[in-house]
Amino acid sequence: MAIEEIRVYGTVQGVGFRPTVYRLAKACGLYGDVCNDGQGVLIRASGSEAALTKFVAKLQQECPPLARIHQLVRTPYKGEFNFNDFVISSSVSNTIKTEIAPDAATCPQCQQEIFDPFSRFYRYPFTNCTHCGPRLSILRAIPYDRCNTSMSAFTMCSECEKEYHNVENRRFHAQPIACHTCGPTAWLERADGKPVTASMFSMLDDVDAVCTLLQKGQIVAIKGLGGFHLACDAIQETAVQKLRQRKRRYHKPLALMARDLAVIEEYCTVNAKERKLLVSTAAPIVLMQTIGKKQVAPSVAPVQNALGFMLPNTPLHHLILRRMNHPIVLTSGNLADEPQCINNDEARDKLGTIADYFLFHNREIINRVDDSVVRVVGDKVQTIRRARGYAPTPINLPPGFHNVPQILAMGSELKNTFCLLREGQAILSQHLGDLEDAAVFNAYQDTLNLYLNLFEHKPEAIAIDIHPEYLSSKLGKKLAAANQIKLYPIQHHHAHIAACMAENGIPLDSSPVLGIALDGLGYGADNTLWGGEFILADYCTFKRLATFQPVAMIGGKQTIYQPWRNTYAHLIATDVWDNHQQQYADLEIIQFLKQKPLQLLNQLMEKGINSPLTSSVGRLFDAVAAAIGICPEECSYEGQAAIEMEALVDINSLNNNKEIVTYPFNFRFLDSIYCIDPSPMWQALLNDLQQEISQPVIAAKFHKSLANVITEIVNRLCQENTINQVALTGGVFQNTVLLEQVTKRLKILGINVLTHSLVPTNDGGISLGQAVITAAQILT
């Protein structure tokens, strides 16, 4: 008989892994034990060589739904071994190397139970098992045991304890197990403080009453899995408008939740990949094209041709939507730009002027986790926001990175995530938001401290963005100085490209790729603001080969929210305003600009006051959008003008096989690198406006023209350099039309195209890039 120690690394805690080990070990006739510890799962087993081999094979084949085995190591066991059966032993605390499972949407079995009148979990809004339920959102420490979660406040009743200890039960060692008798409870409150009486609704319970309130046009703040949401009926325009005004979110599309797929399919086309995403354990918001069969209220997603839908991800949401035959709005429970509320008192204080009612519960949320957002582009999933359901699942690093030291990457200023590197893996935090808001920055620091403690992460290096004013960079410098850790400043667009390389498995010793990094802006190596870059890069170094014509950001940050400033700056930079203004004097955009304080703006540019130059393609999109009448005066959120222009694109014009006349761009040299000059594009576009060409056609021509010029410059650079791979990255490539057009053209040239899937192409992926660049510089 052999005795082995079998060490299992990966996502193996809180997912029913030990019960599976127990069941399979008993079936194979083994003696020994299994336990959780800081590194994952430890198995000590005795049996014949054949039985042990069979056990390991079955363990990998019958891995529980939420588990992920990263590595399984078998070694002879030489310690004391006194087992005459197979048992589950108590958890052991030691060095933390295990993975933390993300929160998982309600499994089909639990769904069935909450609607079964004969089940003891009937209508219980916190029903869960080892296949579903809260994980990251309730976790204080590893190992993942009840005492280390916010469920420690609830003592199991005899029935729950019986199921918890029954190896044949689905809830065997399910740490958040609870029921009506012993678990968390939910209750309804009025925002005005008046009592809620049962006679008001005659509903089954407070959770069921929420549905009636929504149907009556009320706004309800609902405490969910990782934070509060604000909900209203998605087909009642008055309710949606009321929510927008109170929340101060005036135009940005709102997320929707529907009872089931059948409801979603009445509003959107749902392909096989989108369907799979919707019903997955992550249950993200999926952006899908509308079909016009049924329509939500116009204010849900103004000027958009896509809607963001998710399915219920907790029993609470399933119960609320049971009687709802159409979608509800379910948006983050916060004021615009602030972090999502996670505790009851905070919600009463901050959401009391937004919500009419509150649905509270008394299970503490330890970790704020927002909803993930994804879409399908071509045949590939594109992650826009990585949070609930995905974080903190680690990303395996490419070959060459397996001996990396522990590294902390602080991320960017906007759409922030941070990243921990260790043991050949990258652990990205959930989406944390824009650090410009003080409350978000405080939440960022709290979450960072929690992760460092959870994973016992002691960084040997800290990576930051080179932008001197980013709060994440300032904090990184402070931490490095306080702990005498070496600091690695990383250029923003190099980090974008490295993140794309890493998630696509490009080895450390690979030859450089050509990265096309298009975004709003990032601090450049020459102390200017970049945002339209063609960079030859590996993990250690980068070389800028081409860029877009730098244009002034008149008023600095104001240009992000006032697109007309970008239009004027481009018309000045391309001499159209000075030399051709009279030619286009009749155009609305010219008349509009003449009403602005142009003399003052000119002085700002001439004197270089709050008017930094940027090569940003994001600002070029804003400029074109404003020129054709889309949000010229003001945007209520970053990128609004560009997003609305994308939604207007005439797909027939875009995909017309007949060659349509596209807008021309010039090429010239700027500081010995190629520079893409949009001057001729502007004259051609203004000519189209004079000829009253429609917005959708101009939008299509601009997207197609931009894709053409990008392809042309790539072709030149590939001929002049040894390049066989191109990485498309940066927030501008969230634009599906541009991404598909550029990808298609580059593939025709025979170029291998790398795009994002696991991490966002926007700044949410920056921290991964910072981390792997730092690792590469240390390792090479």
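A cavity, in these exercises, is a set of grid points where a 1.4 Å probe fits but cannot get out, and its volume is the space filled by probe spheres set on those points. The model worked on here is a predicted one.

**Exercise 1.** Find how many cavities of 30 Å³ or more the model holds, and describe the lining of the largest cavity.

*Solution.* Begin with the count, which comes to six cavities of 30 Å³ or more. Finally, sort the lining of the largest cavity by residue class, which gives eight nonpolar, eight polar and two charged residues.

**Exercise 2.** Determine which element gives the most residues to the lining of the second largest cavity.

*Solution.* The second largest cavity holds about 90 Å³ of space. Its lining is made by 14 residues, with Gln549, Val551, His570, Thr614 and Ser616 the closest to the centre. The elements that give two or more residues to this lining are β25 (551-552), α15 (563-573) and α19 (617-627), and of the elements it is α19 that gives the most, with three residues. By class, the lining of the second largest cavity divides into seven nonpolar, six polar and one charged.

**Exercise 3.** Work out which strands stand at the edges of the open sheet of 10 strands, and why one side of each is left without a neighbour.

*Solution.* Write down the order of the strands, which is β6-β13-β7-β8-β12-β9-β11-β10-β14-β15, with mixed pairing. The edges are taken by β6 (186-190) and β15 (380-385), and because each has a single partner strand, one side of each has no neighbour in the sheet. Within the sheet, β7 (residues 220-223) and β8 (residues 228-233) pair in the antiparallel sense over four bridges, and lysine 223 has phenylalanine 228 of β8 as its bridge partner.

**Exercise 4.** Describe the lining of the second largest pocket, and state which elements each supply at least two of its residues.

*Solution.* The volume of the second largest pocket is about 760 Å³. Of the 26 residues that line this pocket, Thr281, Ala282, Gly389, Tyr390 and Thr393 lie nearest its centre. At least two lining residues each come from α8 (272-278) and β15. Sorting the lining of this pocket by class gives 15 nonpolar, seven polar and four charged residues.

How values were computed: Residues numbered from 1 in each chain as written. Predicted model: local features only at pLDDT ≥ 70, side-chain atom pairs only at ≥ 80, totals over all residues. Heavy atoms only, no water. 1 Å grid on protein atoms, 1.4 Å probe; cavity = no way out; pocket = protein on both sides within 12 Å on 5 of 7 lines; lining within 4 Å. Nonpolar A, V, L, I, M, F, W, Y, C, P; charged D, E, K, R; others polar. Pairing = 2+ DSSP bridges.
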